[in-house]
Amino acid sequence: MEIKREDILHLAELSDISLSDTEIDSLGNDLQNIIKYISQLDNLNTDNVEPTYQVFEMENVWREDEIATQDASREELLSLTKEEEDNQIKVPKVL
Amino acid sequence: MKIANKDISAVSLVKEALEKAKKYKDYNIFISMNEEAALKEAAEIDEKIARGEKVGKLAGVPFALKDNFLSPDGQTTAGAHILEGFKSPVTATIVEKLKAEGAIVIGRTNLDAFAHGSSTENSYFGPTRNAYDFERVAGGSSGGSAVAVALDIVPFATGSDTGGSIRQPAAFNGVYGLKPTYGSTSRYGVVAMASSTDSMGFFTKTPEDMDLLMSITSGQDKKDLTTLPDFYNTSESKEVKRIGIIKDFDNESVDAEIREALKTKCEALRNKGFEIVELDMPVLKYALAVYYIIQPAEVASNLSRYDGVRYGFRSEDSKDLDSLYEKTRDEGFMPENKRRIMIGNFVLSSGFYDAYFLKAAKARTLIIKEYEDAFSKCDFILTPVSSNPAFKLGEKVNDPVAMYLEDLMSVSVNLAGVPGLSIPAGMTKAGLPIGLQLVGPRRSDKNLIEFSKELI
């Protein structure tokens, strides 16, 4: 399939990345080549094959509903952010 | 690696490692050093030994940490700009286990940003040079760790292997590199790339050191629900009779000297009485395409957390929250990170999910079955690690698909969850190391390491 400029812009939006014009062109070219490569899977017959998402069979494990101790304290975690006020992380306006 | 015999002090060992690291500064092996804390820890161990107290199996042994393992010693960067200033309050389980035995972190090694790459050229901190040729790549993504061990700066280093990131740089620098069975070592506290294939392992100079490290770090971890109960330390030794070689990998796209090295090792094994079995594994040629669908899909999900809000780099002057996310991610990620995130969102997006992601997940089942069939015919498989020895800096950096092809012979191991051990197998005429890969069934790690001694 052919990847058009609007496809790249759509993917950038899905990915939450703003791209410069030169990056749109170069990434578009790269993505086109990568998609061409992975499309060779069309040649493999996978009819009636179950998908694998995880290599080991997982079983659900129940545990008591209690609070586990945390590796990091609230203060330590909050100290990692750029802007903080009254124990809350500050960001630019949302709306 | 044991040093608790007073002949040599932990302080002198750590000092020596730090001096060597300085001597090889031009190779760009380390992103940051942990000098002060390392010397302090070494002095504490020497005091313990002097007082006759019990010390761990790795007491005073200096090691290098791939810079995607979280630990409060300094910053964790994952080779990326977007984690700028990030000092982790938590410690990776593997690091905790190594430290409990007295091992000492001397520094954090360079990697392709978020482990996305096969040359360490995608690092925000510049490429690491090959231990044998300054103009060539270290391999990747764990390039810094491989070179740190190859140049004898440290006796071991940690690595993560999602598609070949331990085995290929090990091969490029002539050291041992193990990607263990998926789930045998904990992923907790290591920056996630593709969670269904990420495996944590090591670089060493000998199979004995690898065995010691695995015996220390294997086992179930409540903080990583995909870890398996310890099978490593309860493994029973198994008689090895048959070694498989993969017919499809013996073709002209593989470097002639690497094919020759494989033949030489097979001949040596025959002379020791092992049987060499040729294997047909026709689905393996699709493994790289499968990997470059599943891995970016998981990358897109795992890297969605980097948005400049809670930690790391934040783009300045954003007018609203959306532009804060978009600008932070544009400025903070390397081009390869962006490619993988966007490919991941492509293969997962409506309209393409069935044709790409679901198709790849089905193909993965076929790859697992192909390995199961292969291990009904042989005990272990011996293959090249990559199609070529270390390539020149800059050679593949503008061609993502050529770079991806570096992982052609290593990714199927990750998709199947089986262990793979890269072993040194001689040198090319030009003086570059050649590596071969031993692959075993799931949970055969201990026997795989043991068997590698037959190939020294």
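This is a predicted model: local features need pLDDT of at least 70, side-chain atom pairs count only at pLDDT 80 or more; totals for chains, interfaces and linings use all residues.
Helix H4 (residues 143-150) of chain B is mostly covered, with eight of its eight residues buried. Eleven strands of chain B form an open sheet with mixed pairing, and a search of the whole structure finds 31 salt bridges over all chains.

**Around helix H4**

- The buried residues of H4(B) include Gly143(B), Ser145(B), Val147(B) and Val149(B).
- Among the elements that cover them are strand E2 (62-66), strand E3 (104-109) and helix H5 (167-173) of chain B. E1, E4 and E6 of chain B also belong to that cover.
- In the loop between E3 and H4 of chain B you will find Ser141(B). A cis peptide bond joins Gly140(B) to Ser141(B), with omega at about 15°.
- Phe114(B) is found in the loop between E3 and H4 of chain B. Although Phe114(B) is not a glycine, its phi is positive, about 60°. Phe114(B) counts as buried, at 3% relative accessibility.

**One more backbone feature to look at**

- Most residues other than glycine have a negative phi, and most peptide bonds are trans.
- Arg443(B), not a glycine, has a positive phi of about 70°.
- Look for Arg443(B) in the loop between E11 and helix H14 (445-452) of chain B. With 41% relative accessibility, Arg443(B) counts as partly exposed.

**The sheet of chain B**

- Reading across the open sheet, the strand order is E1-E3-E2-E4-E6-E5-E10-E11-E9-E7-E8 (chain B).
- Strand E1 (30-33) and strand E8 (275-279) of chain B each have a single partner strand, so one side of each is left without a neighbour in the sheet.
- On average, neighbouring strands of this sheet are turned by 30° against each other, direction ignored.
- Strand E7 (residues 242-246) of chain B pairs with E8(B) in the parallel sense, over five bridges. Here Ile245(B) stands opposite Glu278(B) in E8(B).

**Helices that pack on the sheet**

- Helix H6 (residues 207-217) of chain B packs on the sheet and touches strand E4 (156-161), strand E5 (176-179), strand E6 (199-204) and strand E10 (420-427) of chain B. The direction of H6(B) makes about 145° with that of E6(B).
- Helix H7 (residues 256-271) of chain B lies across E7, E8, strand E9 (380-384), E10 and strand E11 (433-439) of chain B. H7(B) runs at about 55° to E11(B).

**Helix against helix**

- Two packed helices are described by the angle between their axes and the distance between the axes.
- Helix H3 (residues 93-100) of chain B and H6(B) have axes that come within 9 Å and cross at roughly 110°. That makes H3(B) roughly perpendicular to H6(B).
- Ile94(B), Lys97(B) and Leu98(B) in H3(B) meet Leu213(B), Ile216(B) and Thr217(B) in H6(B). The residues of this contact divide into four nonpolar, one polar and one charged.
- Helix H10 (residues 335-348) and helix H11 (residues 353-377) of chain B pack at about 105°, with their axes 6 Å apart. H10(B) is thus roughly perpendicular to H11(B).
- From H10(B), Phe346(B), Val347(B) and Leu348(B) meet Tyr353(B), Tyr356(B) and Phe357(B) in H11(B). This contact counts six nonpolar residues, no polar and no charged.

**Salt bridges**

- Between the chains, the side chains of Glu83(A) and Arg314(B) meet in a salt bridge (3.9 Å, N to O). Glu83(A) lies in the loop between helix H3 (74-78) and strand E1 (84-85) of chain A, and Arg314(B) in the loop between helix H8 (287-302) and helix H9 (321-332) of chain B, so the pair joins two chains.
- Glu83(A) is partly exposed, at 39% relative accessible area, whereas Arg314(B) is buried, at 9%.
- Arg187(B) forms a salt bridge with Asp224(B), their closest N and O atoms being 3.2 Å apart. The pair links distant parts of the chain, 37 residues apart. Arg187(B) is buried, with a relative accessible area of 18%, and Asp224(B) counts as buried at 4%.
- Lys338(B) and Asp330(B) form a salt bridge with closest N and O atoms 2.7 Å apart. Lys338(B) and Asp330(B) are buried.
- Salt bridges with shared partners join Asp30(A), Glu336(B), Arg339(B) and Arg340(B) into one network.

How values were computed. Residues are numbered from 1 along each chain as its sequence is written. Chains are lettered from A and ligands numbered from 1 in the order in which they are written. Side-chain values use heavy atoms; hydrogens and water are left out. Two strands pair if DSSP finds at least two bridges between them. Helices (H or I, at least four residues) and strands (E, at least two) are DSSP runs, numbered from the N terminus. Axes are lines fitted to C-alpha atoms, for helices over the stretch in contact, and angles run from 0 to 180 degrees between N-to-C directions. Contact means heavy atoms within 4.5 Å. Angles under 35 degrees count as roughly parallel, over 145 as roughly antiparallel, 65 to 115 as roughly perpendicular and the rest as oblique. Ala, Val, Leu, Ile, Met, Phe, Trp, Tyr, Cys and Pro count as nonpolar, Asp, Glu, Lys and Arg as charged, and the others, Gly among them, as polar. A salt bridge is a side-chain nitrogen of Lys or Arg within 4 Å of a carboxyl oxygen of Asp or Glu. Buried means under 20% relative accessible area, exposed over 50%, partly exposed in between (1.4 Å probe, protein chains only).
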